[in-house]
Amino acid sequence: MIAKTRGNTTEFVRSRLLDDLRKGNFQPGDKLTTETLARSYEVSRTPVREALVRLEREGMLEMDVNTGFRVRVLSLPELCELYEIREALEGLAVAKLAERGASSELLGELRRCCEQRRNAASFKEKKEGDQRFHMLICDSCGSKALQTLIHNYLLLSTVFNVTDYLLQNRRFINRRDIHHEHEEIVSAIEEGNSSRARKLLAAHIATARKSLEKLMKKQS
């Protein structure tokens, strides 16, 4: 979390808003007003509005001419596109990581994420392990440009509750061995096999996208 200091209040507010979005304190469709947020974050309204405008440009919020800003509500087609973009970006990130070589500490962290997901006592804990796994790969790829892009799309996946859609498809949840998919990706990274790591991670994300596409067809 960025500290609130003179000159970076807008970034402080943006960081707080993103944290609240990640935690589910704001849900898709929720109205966000400068007055309420300014009181909550104990800042003036100007940096709040600047932060809201930035998040609108980044795709998190949408402008409502009558009420200000709202958390965006994504359609299933938009969620499918989001996952299609993640396939490409995260596939490239894991390939770069495998090429660079992963430290033993990073490999250990990735395996702990696999274990957390496998042994989770709650869905929340399982989800946290999954998100950390993908974030670690993103943060370790060695490309700042990729990291910025992937962070944004991972956050979108979190904010817009993609998992809730996937839970509607019990066959997807029950038949997938996501733990094994993650473990195979870690093995490819450890081997330095960039093409295999890229293929495995892209296929891992593609499976979720295809499940969303099936739900979209059922609803059409």
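**Helices, sheet and surface**

Colleague: Is the crossing of α1 and α3 left-handed or right-handed?

Modeller: This is a predicted model, in which local features need pLDDT of at least 70, side-chain atom pairs count only at 80 or more, and totals for chains, interfaces and linings use all residues. Residues are numbered from 1 along each chain as its sequence is written, and side-chain values use heavy atoms, without hydrogens and water. A crossing is left-handed if the near helix is turned anticlockwise from the far one by less than a right angle, and right-handed if clockwise. For α1 and α3, the crossing is right-handed.

Colleague: At what angle do α1 and α3 pack, and what is that arrangement called?

Modeller: Helix α1 (residues 9-23) and α3 have axes (lines fitted to C-alpha atoms over the stretch in contact) 8 Å apart, and their angle, on a scale from 0 to 180 degrees between N-to-C directions, is about 55°. Neither under 35 degrees (roughly parallel), nor over 145 (roughly antiparallel), nor from 65 to 115 (roughly perpendicular), this angle makes α1 oblique to α3. Their contact (heavy atoms within 4.5 Å) includes Leu17 and Leu18 of α1 and Leu52 and Leu55 of α3. The answers are therefore about 55° and oblique.

Colleague: Which residue of β3 is the bridge partner of Leu61?

Modeller: Strand β3 (residues 68-71) runs antiparallel to β2, and 4 bridges join them. Within β3, the partner of Leu61 is Val71.

Colleague: How many helices and strands does the protein have?

Modeller: The elements are DSSP runs numbered from the N terminus: helices (H or I) of at least four residues and strands (E) of at least two. The totals are 11 helices and 3 strands.

Colleague: Why does Lys210 count as partly exposed?

Modeller: Lys210 lies in helix α11 (residues 194-219), and its C-alpha atom is 9.3 Å from that of Tyr83, 127 residues away along the chain. Under 20% relative accessible area is buried, over 50% exposed, and in between partly exposed (1.4 Å probe, protein chains only). Lys210 is therefore partly exposed, as its relative accessibility is 45%.

How values were computed
Two strands pair if DSSP finds at least two bridges between them.
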